[in-house]
Amino acid sequence: MRYPLLSCTLAVWLLFYAVPGHTSVVEDFNHVERCKDSLYMGTPPRGYLSTNLKKICQRYEDKPRYVTLYDPKKHIPVYSAYTFKKSDGEKHVDFPWMFEPQLATEKGGNNMEPFPQTNMHMNFEDTQAVLEDFSDVVQYERGHLNPDEHQADPLDKAATYTLTNVVPQIREFNTGPWSDHEDRIRKRLNNYCRGTAYVVTGTTTSGNMIRRDNMDRVAIPEYMWTAYCCTDFDHNAPYFVRYKFPVFGAYALNDRINNHLVEVPIKNLEKFLKGKMDVDKNFQIFYNDCVPDF
């Protein structure tokens, strides 16, 4: 992957800390400018028990793009939620990796920004992953939760390249079962979803960490999971596709072996995740399990 030269100078980057801004770490997602439109019925997944998680409205070029629930202790996203855009599946690899100024300080800018080519990132690595965390771990790839292949607009694609939207995935899993499923879902939603498709993709962890300088830095997911919701779909689709609408989910072990991805109904996925995550009995990925109110 190529990393273009960054245009922001150190002086410009420091301006984030000198000028107060409207942070995109938000209390809720109950407004269009706080990424409400990225969520089915404007409602995020419910039932998470931790009070340390940060709600991020991922903004790029002054526009809300998608939602991330982020763990600033484990330095990975718990989930990202986005609207799927019909696309040809082309993947762009020439965008610079970005970070979230709003996680570092309340005065941070409200847009994600490219990593500075200085040691200034040391000022915010306590709250999020940095490029160095992935530099010497050849067995892992930076796996997107909101993949650029599920976006069409170049700026929406660029916005997926923030480290707050990626997790360490075993290379063989990332390039095999996980990549295959992303493409499978892209084709399914391209062909059979007639309205807006909402997607939530997340992780479970079991305590394994990427370490750097003898310190735990980035949690390694045990399982990856994903689900989509599309209430306006092609009712004439073949049955083997139609029964996976309006909502369906999937999960897989983030491993070199035994990493087969299993597609399941949403209730089955939620039941599985309740045994793997710190959530309550009312854990729900989509409002009313993606059953529309009539």
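Predicted model: local features only at pLDDT ≥ 70, side-chain atom pairs only at ≥ 80, totals over all residues.
Eight strands form an open, antiparallel arrangement in the order E1-E3-E4-E5-E10-E11-E12-E13. Its edges are strand E1, residues 25-26, and strand E13, residues 262-264, each of which pairs on one side only.

E1 and E3 are antiparallel partners over 2 bridges, and valine 26 is found opposite lysine 55 in E3. Strand E3, which spans residues 54-60, has 5 of its 7 residues buried, so the rest of the structure largely encloses it. E3 also pairs with strand E4, residues 63-71, in the antiparallel sense over 7 bridges. Within that pairing, cysteine 57 has valine 67 in E4 as its bridge partner. The two strands E3 and E4 make a hairpin with 2 residues between them. In the turn, glutamate 61 has a positive phi of about 50 degrees.

I turn next to E5 and E10. Strand E5 covers residues 76-84 and strand E10 covers residues 197-212; they pair in the antiparallel sense over 6 bridges. Here threonine 83 has tyrosine 198 in E10 as its bridge partner.

Which strands does helix H4 touch? Helix H4, residues 171-192, packs on the sheet and touches E5, E10, strand E11 (215-229), strand E12 (247-253) and E13. The direction of H4 makes about 30 degrees with that of E11. Helix H6, residues 266-274, lies across E10, E11, E12 and E13 and runs at about 160 degrees to E11.

The last topic is the aromatic residues. A pair of aromatic rings is described by the distance of the centres and the angle of the planes. The count comes to 16 aromatic pairs. One of them joins phenylalanine 173 and tryptophan 178, whose ring centres are 5.8 Å apart. Their planes stand at 40 degrees, so this pair is classed as tilted. Both phenylalanine 173 and tryptophan 178 are buried.

Tyrosine 243 and phenylalanine 248 form an edge-to-face pair, with 5.7 Å from centre to centre and 90 degrees between the planes. Is each of these two residues buried or partly exposed? Tyrosine 243 has a relative accessible area of 41% and is therefore partly exposed, whereas phenylalanine 248, at 6% relative accessibility, counts as buried.

Finally, ring pairs link Tyr48, Tyr79 and Phe283 into a cluster.

Conventions
Residues numbered from 1 in each chain as written. Heavy atoms only, no water. Pairing = 2+ DSSP bridges. Helix = DSSP H or I, 4+ residues; strand = E, 2+ residues; numbered from the N terminus. Contact = heavy atoms within 4.5 Å. Axes fitted to C-alpha atoms, helices over the stretch in contact; angles between N-to-C directions. Phe/Tyr/Trp six-rings, centres within 6.5 Å; stacked < 30°, edge-to-face > 60°. Buried < 20%, exposed > 50% of the residue type's maximum accessible area, 1.4 Å probe, protein only.
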